[in-house]
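Please find below my notes on the two-chain model you asked me to look over. They are set out as numbered points, to be read with the structure open.

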Amino acid sequence: MLLRSRRTGSVFDQAAPNANRILRSVTVILVACGAGLLLMSFASPQARHGDRARTRTEGLVAWQQVYSVLTSPRCINCHTATNYPQQGDDRRRHFANVIRGPEGKGVAGLNCASCHQETNADSTGVPGGHNWHLAPLSMRWQDLNDEPLSSVAVCRAITDQSKNHHLDGPGLLKHHEDEALVRWAWQPGRRPDGTMRTLPPLTHEEFVAATRRWVEAGTPCPPGR
Amino acid sequence: MATYELNVNGQRKQVNVDPTTPLLWVLREELKLTGTKYGCGISACGACTVHVAGIATRSCVVPVSLIGDRPIVTIEGIGNDPVGRAVQDAWVEKDVVQCGYCQSGQIMSAVALLKTTARPTDANIEQSLGGNLCRCGTYVRIREAIKRASGQLT
């Protein structure tokens, strides 16, 4: 329109100074946008990498919180690498010669259910929950000397679907959120002396939230062994 | 206090007891079934073993309120079961008992074992009866009697 006005000398000529300003402004804006896009195109890989790194970092922080719960006595006492469960905050061997048995539920005559009922028996100090049993050996979180495995080792085991009953990230989250024996850890009842059993270091809500952050980050495991 | 309907040795029994009362004391004090013994009171010795829904159960640590409608079988009723009868006969035949205090628990655990493992090995026996203590040391005869009963049943 501007070029035409110059050629024709029409009334539009009077608008030429304003039109030039508009053209310059538009040009500046377009150049700025182009430069911006160009810069963004160069910068975006780093930005995306930064997001990934931040997400992974957050996931690893969340995993350490999850790990702190998994290795607390309420959880790890039934995730042994041995032929027996443990009991107590000192994680001593379960008394009465209790053994794992073929299905992690003891043996006939000496089953977990021989004492552990569907709920805690606070009057006698025997903890209870639905389907009381040991975790499978594939989910052992201790070594043969009853020492907790490293954060890396537990993380790798718990994310290995060939070991964890084929649970993916959402499956692990659901397990931590809903499984009766997991939830029992936060309602462990009274010891035989009447005192309350100690709880894991996080609340169940915090544990689930940490698991969710870890899962959303792609269940990252720490580097190393 | 609360009232509970229990199925004991195939019979319905009603008891009015504190909900926290261990099953052992309901059997012994309320129902006068004194064949089940009090040993340690913490499920460490096995003398109080009965069957609850077929599971060998330490009755000294299970409050009566947690039994529900699951059938209970005690040493007084186990002889009505073919496996229980065979075990008791073998116990007599092998003259297992010395003082006898732990033996009702030993028999209840042995029956539970034989119901799942018809031909138990020495290891099976030691594991399954590992929670049943005998201060008289009748373990060798217990093992012989279990194998005798196994032979009679298979």
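1. Basis. This is a predicted model, in which local features need pLDDT of at least 70 and side-chain atom pairs count only at pLDDT 80 or more, while totals for chains, interfaces and linings use all residues. Residues are numbered from 1 along each chain as its sequence is written, chains are lettered from A and ligands numbered from 1 in the order in which they are written, and side-chain values use heavy atoms, with hydrogens and water left out.

2. Overall build of chain A. Chain A has 7 helices and 4 strands, where helices (H or I, at least four residues) and strands (E, at least two) are DSSP runs numbered from the N terminus. Read along the sequence, these elements follow the pattern α-α-α-β-β-β-β-α-α-α-α. Of the 225 residues of chain A, 40% count as buried; buried means under 20% relative accessible area, exposed over 50%, and partly exposed in between (1.4 Å probe, protein chains only). Among contacts in chain A (heavy atoms within 4.5 Å) between residues at least 6 apart in sequence, 58% join residues at least 24 apart.

3. A buried arginine. Which residue of opposite charge has the side chain nearest to R100(A)? It is D146(A), 9.0 Å away, and R100(A) is buried yet has no salt bridge; by the rule used, a salt bridge is a side-chain nitrogen of Lys or Arg within 4 Å of a carboxyl oxygen of Asp or Glu. For the charge assignment, Lys and Arg count as positive and Asp and Glu as negative, while His and the chain ends are not counted. R100(A) is found in the loop between strand 2 (92-93) and strand 3 (106-107) of chain A. Leaving aside residues up to four places away in sequence, R100(A) touches residues including Y84(A), K105(A), L134(A) and P136(A).

4. Helix 5 of chain A. The N-terminal end of this helix is capped by D168(A), a side-chain oxygen of which lies 2.8 Å from the backbone nitrogen of G171(A). The helix covers residues 169-178, and its buried residues are G169(A), G171(A), L172(A), L173(A) and H176(A).

5. The interface. In the model, 23 residues of chain B are in contact with 19 residues of chain A. The area buried between the chains is about 1600 Å², of which carbon and sulfur atoms give 61%; buried area is the accessible area (1.4 Å probe) that two parts lose on being put together, summed over both. In chain B, V61(B), L66(B) and Q127(B) lose the most area to chain A, together 29% of what that side buries.

6. How many salt bridges does the rule find across the interface of chain B and chain A? It finds 0 salt bridges there, but 6 residue pairs in polar contact, both residues at pLDDT 80 or more. A polar contact is a pair of N or O atoms within 3.5 Å; within protein, one must be able to donate a hydrogen and the other to accept it, and residues adjacent in sequence count only if both atoms are side-chain atoms. On the side of chain B that touches chain A, the elements giving two or more residues are strand 4 (55-58), helix 3 (103-116) and helix 4 (122-128) of chain B.

7. Salt bridges within the chains. A search of the whole structure finds 12 salt bridges over all chains. In chain A, R92(A) forms one with D90(A), the closest N and O atoms being 2.7 Å apart; R92(A) is partly exposed at 42% relative accessibility, whereas D90(A) is exposed at 53%. In chain B, the side chains of E93(B) and R148(B) meet in a salt bridge at 2.8 Å, N to O, and this pair links helix 2 (residues 82-93) with helix 5 (residues 139-153) of chain B, 55 residues apart.

8. A network in chain B. E126(B) forms a salt bridge with R143(B), with the closest N and O atoms 2.7 Å apart, and the pair links helix 4 to helix 5 of chain B. Salt bridges that share partners join D122(B), E126(B), R143(B) and K147(B) into one network.
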